[in-house]
Structures are given as C-alpha cells and as structure tokens.
Amino acid sequence: MDFDLNEEQRMIQETVRKFSEKELAPKAGERDEKELFPDEAWLKLSELGLAGLLTDAKYGGMGLDCTTLVIVMIELAKGCIATAGTYSVHTTVQFILQTYCTEEKKGEILPDLASGSRIGALAITEPNAGSDISSMTTQAVPHGAGYILSGNKIFITSGGVADLYIVFAKTDKELKHKGISALILEKGTPGFTFGKKENKMGYRGSPTVELAFDSCKVPGTDLIKNEGDGFYIVMSALDRGRITVGSMGLGVAEAAHIAALRYVKEREQFGQKIASFQGIQWKLADMEMNLSAARLLLFQAAFLADKEMPFTKEASIAKCFATDMAMQVTTEAVQVYGGYGYIKDYPVERYMREAKILQIVEGTNEIQRNIIAKEIL
Ligand SMILES: Cc1cc2nc3c(=O)[nH]c(=O)nc-3n(C[C@H](O)[C@H](O)[C@H](O)COP(=O)(O)OP(=O)(O)OC[C@H]3O[C@@H](n4cnc5c(N)ncnc54)[C@H](O)[C@@H]3O)c2cc1C
C-alpha cells in the first residue's frame, strides 16, 4: 500500500479543504437548524468539477479513483454533512449507471449528473424492508416493452431535490433477493410523488423523504442490466458506499477533534488551561489514535477497490470502525467542552448528532458486523 498521495490527490485535497472551510463550514449550523438544503454549496461544488469524480471523462466526469473519493469525502464532511451526504449518494448513483448501463444510456444520462446540473438518489428502503432488503414489496410488473411500478419507499436521501432515482423493485415477487431489479425513474414521471419529509435528530440539511409510485410507466430501456440483478447491483454499490460513509465519519470526527484541541487551549479552570490536565490530554490522545486507525482502514479499503481486488470485508470494517469511532470522538468532544458542549452556540453537539446517522445508513453497524463475521467464518 502506498501511503503517499500523488500530486493530483494533494491538489484536490487542498482545493476541497479550502472550499469546505470557506463555503461549507460557516453555514453548516444554519443549514442544520433551519433544514436548508445546501443548493448554493452544490452549485459551487459542481463548478469545481467535483460532481462526477468517479465518472469517466468521456461522460463529463473526472475519472478518478476510490482513494481520491475518500480524500474528498473527509474534507466535505468536515465542513457540512448535508453536502457530503448528498454527494455520497450522487456518486454511488453514477457508479451504478457507469458500471451497469448500456453505452447509449450512459451517454444519455451521465453527463448531466457528472456536471452536477442534475442530482441522483437511491431508493431501496421501505417501511417493512430496511436491513432485510429482500423483503421489499415495491413491484415493477412487466407491461408491454416496459414496467408498471407501484409501491412506496421511505427515508430517501435527496428525495424531492433529486432529478433521477434508481429504484429497486421486485420484478418477480415470488422470489426473495433474486426477484429484485433496478430501474431508473425520472422526477416528473406521472404517478411518482413525494410524501413526508422526516424531521431528524441531525443531518437536517439533507432532506429524507418518502416516495410513492402509483402505476408509474417505466420504459424497458430504463431497466439497469437484467431483471433479477438488482440485489447484486445494490450490494456492489453499497461496498463502495460504505467506504464513503466511513470517510464521512472520519471527517466529522476530525472536525470535532480540531474543535476540542482549540477549546482546551483556551478554557481555564483551577487557574490553568484545561489542556494541562492529564484526564483531558488522554481523551485527546485517544481521539488521535482512533482517527489514525480509521484513516488507515479507509485507505486500505479504497486501495483494494482501486486495485479491483476483493474489498467487501475491508469496506465493512472501515465503515463500522470509522463511524463507531466518530460517535465516540464526537461524544468525547462534547465532554471536553463541558456544559458549553451541550449548547448549540458551539458546533460539537451538532457533530455528535451527525455521527449518529453514520452508524445507521449504508447498512447498520450490526449488519457490517454480520458481513465481517460471515467473511471470516
Ligand atoms: C437519514 C437517513 C437517510 C437515509 N437514506 C437512505 C437512502 O438514500 N436510500 C435508502 O434506500 N435508504 C436510506 N435510509 C434507510 C437506511 O438505509 C435504513 O434506515 C437502514 O438500512 C436500517 O433499516 P431500518 O431503519 O429499517 O432498521 P431495521 O432494519 O429495522 O433495524 C433495526 C435494528 O435491528 C438491527 N438489525 C436488523 N437486522 C439485524 C440482523 N440481521 N442482525 C443484527 N441486528 C439486526 C439493526 O442493526 C438496527 O439496530 C436512510 C435512513 C436515514 C435515517
């Protein structure tokens, strides 16, 4: 494994870090408080050319690798988790389309996603199908040259703001996971409507929305790959998605650590800076250790993905460790701030609320442990 970033990766890291500090972080608290989607930030991120990071240059993207994606995700999440989360899903959507669609379809839809002028979303979860994807009941019934899509999805990131949705539905309801197929659904399709927007603990700038499909007509050309390939497609996409969510965990934890380091050098109690207390120093040292370990695990998983080697176990390890670590580090950051840590005037309480969602999405951390156990047993 090469621990050195190449020149291009360093340049991108520097650019995104500055963008995040200047454009994202100053407004992250307000976005959280008022549930504001980061549309201005999205526009600027798109102007930087970042919206199609993994997508081939021939479709208007940057054609970069998973390691570079980790670098970008960490910096975005340090500044604004709503922007990072939108970006993570948008990138996964493009990965699926680029990997599994026909050349004709890719040429038709990828350029607008890669430029950021259209946003992508992923619709898997249903009221009674969360961790157990195979029990989904949304149906795509073959009809003429296409499908009739009916059912409901919940908790969909970017619901309403996204223009293009990859919807997972049963084309054969008698089968469990082998009956799932992936379909492209455009916003505005007759019968496709948005329901409740969730009122969340954190990650509030990113809309989490219900989708309803009432006999939506989907052309056969909008089926991704073959009927019954949906489960395999979602699993391959989630492997990468787990690396990006783990990277968000590292970004949020780094932001909390930076805030804590700054605070302990300012706050005085018992006539001295609280940084001089060993009890505080050990908390900061533990944070540093955990951040370093998460960083190595994330780069390991990305390295394997980039080399096209198996990385399912490593992606789950990195996601689970980095996001559990983020919960621990952000909680300790609140503790280091004392009472002020619990007050919304300081960002650490937000970081703690943000870390929580990362243990749940892209497969809960219990599911990650199941995957790791299955791989080693
Ligand atoms: C803010 C937010 C954004 C989201 N964005 C999206 C999105 O864009 N697209 C999308 O499709 N979904 C999205 N989701 C849904 C998310 O992926 C699911 O919430 C998640 O997969 C868990 O499913 P569930 O909520 O139904 O929990 P459940 O599956 O009901 O799990 C409940 C508890 O049981 C545990 N559990 C379940 N099965 C097992 C098992 N086999 N072994 C051990 N423990 C188990 C879980 O770990 C959890 O602790 C989002 C959710 C939220 C809250």
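Which residues of β4 are buried on one side, and which on the other? The views below come from a predicted model, and the first one takes up this question.

**View 1. Strand β4 is covered on both faces.**
L164, I166, F168 and K170 are buried on one side of β4. Y165, V167 and A169 are buried on the other. The strand runs over residues 164-170, and seven of its seven residues are buried. It is therefore largely enclosed by the rest of the structure.

**View 2. Strand β4 pairs with β1 and with β5.**
β1 covers residues 120-123 and pairs with β4 in the parallel sense. Four bridges join β1 and β4. In one of them, A121 has Y165 of β4 as its bridge partner. β5 covers residues 180-186 and pairs with β4 in the antiparallel sense. Here there are seven bridges. Look for I166, which stands opposite I184 in β5.

**View 3. Strand β5 also pairs with β8.**
β8 consists of residues 223-224. Its pairing with β5 is antiparallel and has two bridges. A182 has I224 in β8 as its bridge partner. How many of the seven residues of β5 are buried? Six are, so β5 is largely enclosed by the rest of the structure.

**View 4. The largest nonpolar core holds 89 residues.**
Five members touch the most other members: L76, Y87, L149, L185 and I243. Helix α6, residues 230-264, supplies the largest share of this core, with 12 residues. A second core is separate and has 27 residues. Y59, V89, F95 and L238 are among them.

**View 5. L76 and the residues it touches.**
Leaving aside residues up to four places away in sequence, what does L76 touch? V16, F19, S20, L24 and L45 are among its contacts. A84 and Y87 complete the list. Both L76 and Y87 are among the residues of the largest nonpolar core that touch the most other members.

In the side chain of S131, an N or O atom is 2.6 Å from an oxygen atom of the ligand. T364 places a polar side-chain atom 2.6 Å from an oxygen atom of the ligand. For T157, the ligand atom is a nitrogen, and a polar side-chain atom lies 2.8 Å from it. On its own, the ligand has 970 Å² of accessible area, and the protein covers 64% of this.

**View 6. Helix α9 is mostly covered.**
The helix spans residues 348-358. Eight of its 11 residues are buried. They are V348, E349, R350, Y351, R353, E354, A355 and L358. What covers these buried residues? The cover includes α1 (7-34), α4 (81-100) and α6. It also includes α8 (312-337) and α10 (365-376).

**View 7. E354 is a buried residue of helix α9.**
The relative accessible area of E354 is 3%. Buried means under 20%, so E354 counts as buried. Apart from residues up to four places away in sequence, E354 touches I81, Y203 and V252.

Note on methods: Residues numbered from 1 in each chain as written. Predicted model: local features only at pLDDT ≥ 70, side-chain atom pairs only at ≥ 80, totals over all residues. Heavy atoms only, no water. Core = buried A, V, L, I, M, F, W, Y, C linked by side-chain atoms within 4.5 Å. Buried < 20%, exposed > 50% of the residue type's maximum accessible area, 1.4 Å probe, protein only. Contact = heavy atoms within 4.5 Å. Polar contact = N/O pair within 3.5 Å; in protein donor to acceptor, adjacent residues only side chain to side chain. Areas by Shrake-Rupley, 256 points an atom, 1.4 Å probe, with all protein chains shown as cover. Pairing = 2+ DSSP bridges.
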